[in-house]
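Welcome, and thanks for taking a look at this one with me. Below are some numbered notes to read alongside the model.

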Amino acid sequence: MVDVKVKLFANLREYAGVSEVTISGDTVSDILNSLGQQYPQLKELIFENPEYEDELQGYINVLLNGENIQHLEGLSTQLKGHDEIAILPPVSGG
Amino acid sequence: MISENEQNLYSRQIMMFGEEGQEKLKNSSVTITGSGGLGSPIAIYLASAGVGKIRIIDHDTVALSNLNRQILHHHKDIGVLKVDSAKGKLNDLNPNIDIETFNETLSTDNIKNLIDKSHIVVDALDNYHTRFSLNEAAVQEQIPLVHGAVEGFHGQVTTIIPRETPCMRCFISKTPPKKTFPILGTTAGIIGTMQANEVIKYLTGSGKLLTGRLLLWDGFNSKTEEVPVNKNQYCEICATE
């Protein structure tokens, strides 16, 4: 297990009441599941099926060191020390 | 050449980038896609800075509920085409520049023609469906694009230089649905002003652009942060370019 810094943006940080947390895990999925346990109010914003926590909510973007995890191995993407995850809900207006 | 009147008008910024920089602005053509919450401050600051040709595309008419944030439009403009309202204000603000307007809805059919011959394009759109079409056209035509988006107290900005930097599709994977979003005028003002600042830097060759990084504004906590964004080597839009 490695410690990774997780940054929350837009309404996620308003729901969680924090903008940054450090969480341990081996994969992106581990990190997001732990995040959901610590801040249950985030589950339905992050996961399509909050009960199963197996699929990302459609429009959320999870960046691992600047790469969208959809272009890596998705939720199964393996983590290493000093990784940084940014969770960005869509900000759409203009 | 810039006139004596223009030397006086722009004297405080000529102190920053010289008459040469001012001439670059005067000889530049910028397209702003939208004249709403973001488009208003973008157009106002680019016009007042002396960008020689500003093209504005919008298909909408001014509505009462626009006026909390769309500062180019006033109560007397309700029901008027936004491009006409915008053109009137910008001509008053700076009679030395050309304002070209198109009352059209951007689509894959017209987007390339509408951004043609622009030195840079500014995203002042309100949905990702059109943003992704604009992103694709800008990458194909190799026209730099300043992306901005806002919602509530939050906003984001990044500058895309085709072939050099990631495009919008590299870091935003899916197209969120169009919706009525909450928005405060100050959020749009802050993000639109940052976008105009990027355009002025690009055109004058000043400073460091917001490339390869997404700047995020959190007006609720008064914080700016940035996250790196990397080129996706398999990006369906920019990888093959």
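Which element gives the largest share of the lining of the second largest pocket? The answer is in point 2.

1. **Ground rules.** This is a predicted model, in which local features need pLDDT of at least 70, side-chain atom pairs count only at pLDDT 80 or more, and totals for chains, interfaces and linings use all residues. Residues are numbered from 1 along each chain as its sequence is written, chains are lettered from A and ligands numbered from 1 in the order in which they are written, and side-chain values use heavy atoms, with hydrogens and water left out.

2. **The second largest pocket.** To pick up the opening question, α1(A) provides the largest share of this lining, three residues. A pocket here is an open set of points on a 1 Å grid over the protein atoms alone, with protein on both sides within 12 Å along at least five of seven lines, and lining residues have an atom within 4 Å of a point. The volume is about 380 Å³, counted as the space filled by probe spheres set on the points, which are joined across faces, edges and corners. Of its 21 lining residues, A:Asn11, A:Pro89, A:Pro90, B:Glu151 and B:Lys179 are the closest to the centre. The elements giving two or more residues are α1 (11-16) and α3 (43-46) of chain A; helices are DSSP runs of H or I with at least four residues, strands are runs of E with at least two, and both are numbered from the N terminus. By class, the lining has twelve nonpolar, five polar and four charged residues. Here Ala, Val, Leu, Ile, Met, Phe, Trp, Tyr, Cys and Pro count as nonpolar, Asp, Glu, Lys and Arg as charged, and the others, Gly among them, as polar.

3. **The largest pocket.** Do look at this one too: its volume is about 540 Å³. Of the 27 residues lining it, B:His59, B:Asp60, B:Lys82, B:Asp126 and B:Lys178 lie nearest the centre. Its lining divides into six nonpolar, 13 polar and eight charged residues.

4. **Where the chains meet.** Contact (heavy atoms within 4.5 Å) links 39 residues of chain B with 24 residues of chain A. The area buried between them is about 2400 Å², with carbon and sulfur atoms giving 52%; this is the accessible area (1.4 Å probe) that the two parts lose on being put together, summed over both. On the chain B side, B:His154, B:Ser173 and B:Lys174 lose the most area to chain A, together 19% of what that side buries.

5. A:Arg13 and B:Asp218 form a salt bridge through their side chains, at 2.7 Å, N to O. On the side of chain B that touches chain A, β8(B) gives the largest share, five residues, and the classes are 19 nonpolar, ten polar and ten charged.

6. A cavity is a set of grid points where a 1.4 Å probe fits but cannot get out.

Key. A salt bridge is a side-chain nitrogen of Lys or Arg within 4 Å of a carboxyl oxygen of Asp or Glu.
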